[in-house]
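Welcome! Please look over the sequence and the 3D picture below, and then we will walk through a few places together.

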Amino acid sequence: ASIDWTWHVPAVAAIAMLAVGLLAGPATAAVRGGAPERPRIALRAPLMLAAWLAILAQAIPYLVDNELAASQRAAARGDLAGAQERAASARAIQPWASSPYLQLALVREEAGDVRGARRYAQEAIERDRSDWRLRVVAARLAVKAGDLGAAREALREARRLNPRSPALRATRDG
């Protein structure tokens, strides 16, 4: 199950949507006189709303993952404008997530815009304060900007968030 969540999560959602469809559909109607009864709209509307919410709950992360993967592919082939555009699209779909901001930071870093990269890295941290990896990226960007105090603070926070990391233990400043 830990190998490819991209397929597992939609499969679970598909089963849930099928179950909701069976609950809302004619399969549950009592047969009287050869014709199924039509469920009242008051019963159908909440079930349809629940089905739409389930679809949206699955579609948003899927679309964001697709945009981020497209951004990474564009960056790998050197198309930084395309990478920036796809990462910005992911941010527009899911502005509360840290991953689009991290991708924007990495693209800006690759483009040589360390200041812009630091801004996006900080926005990613604001959206997910528990992800130690964002602090490591922020530390690297701070070093590139010559802000060693900020780099030390970011690494200190990364060590606090992930005290068992051998790589972070190796960065202890004396």
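## Before we start

A residue is called buried when its relative accessible area is under 20%, exposed when over 50%, and partly exposed in between (1.4 Å probe, protein chains only). This is a predicted model, in which local features need pLDDT of at least 70, side-chain atom pairs count only at pLDDT 80 or more, and totals for chains, interfaces and linings use all residues. Residues are numbered from 1 along each chain as its sequence is written, and side-chain values use heavy atoms, with hydrogens and water left out.

## The nonpolar core

A nonpolar core is a set of buried Ala, Val, Leu, Ile, Met, Phe, Trp, Tyr and Cys residues joined through side-chain atoms within 4.5 Å. The largest one here has 15 residues, and Tyr-120 and Leu-141 touch the most other members. Two or more residues come from each of α4 (99-110), α5 (114-127) and α6 (132-145). Such helices are DSSP runs (H or I, at least four residues; strands are E, at least two), numbered from the N terminus.

What does Leu-141 contact beyond its neighbours within four places in sequence? Counting heavy atoms within 4.5 Å as contact, the partners are Glu-109, Val-114, Ala-117, Arg-118 and Ala-121.

## Salt bridges

Side chains of opposite charge can pair when their charged atoms come close. A salt bridge is a side-chain nitrogen of Lys or Arg within 4 Å of a carboxyl oxygen of Asp or Glu, and by this rule the count comes to 9. One of them joins Arg-140 to Glu-109, with the closest N and O atoms 2.6 Å apart. This pair links distant parts of the chain, since Arg-140 sits in helix α6 and Glu-109 in helix α4, 31 residues apart. Is Glu-109 buried or exposed? Glu-109 counts as buried because its relative accessible area is 13%, whereas Arg-140, at 36%, is partly exposed.

Another bridge pairs Arg-133 with Asp-131 (3.0 Å, N to O). Here Arg-133 is exposed at 52%, while Asp-131 is buried at 12%. In helix α7, Glu-153 and Arg-156 are 3 residues apart, so about one helical turn separates them; their salt bridge has its closest N and O atoms 2.6 Å apart.

## A buried glutamate

Glu-67 belongs to helix α2 (residues 41-76). Its relative accessibility is 14%, so Glu-67 counts as buried. Leaving aside neighbours within four places in sequence, Glu-67 is in contact with Arg-86, Ser-89, Ala-90 and Ile-93.
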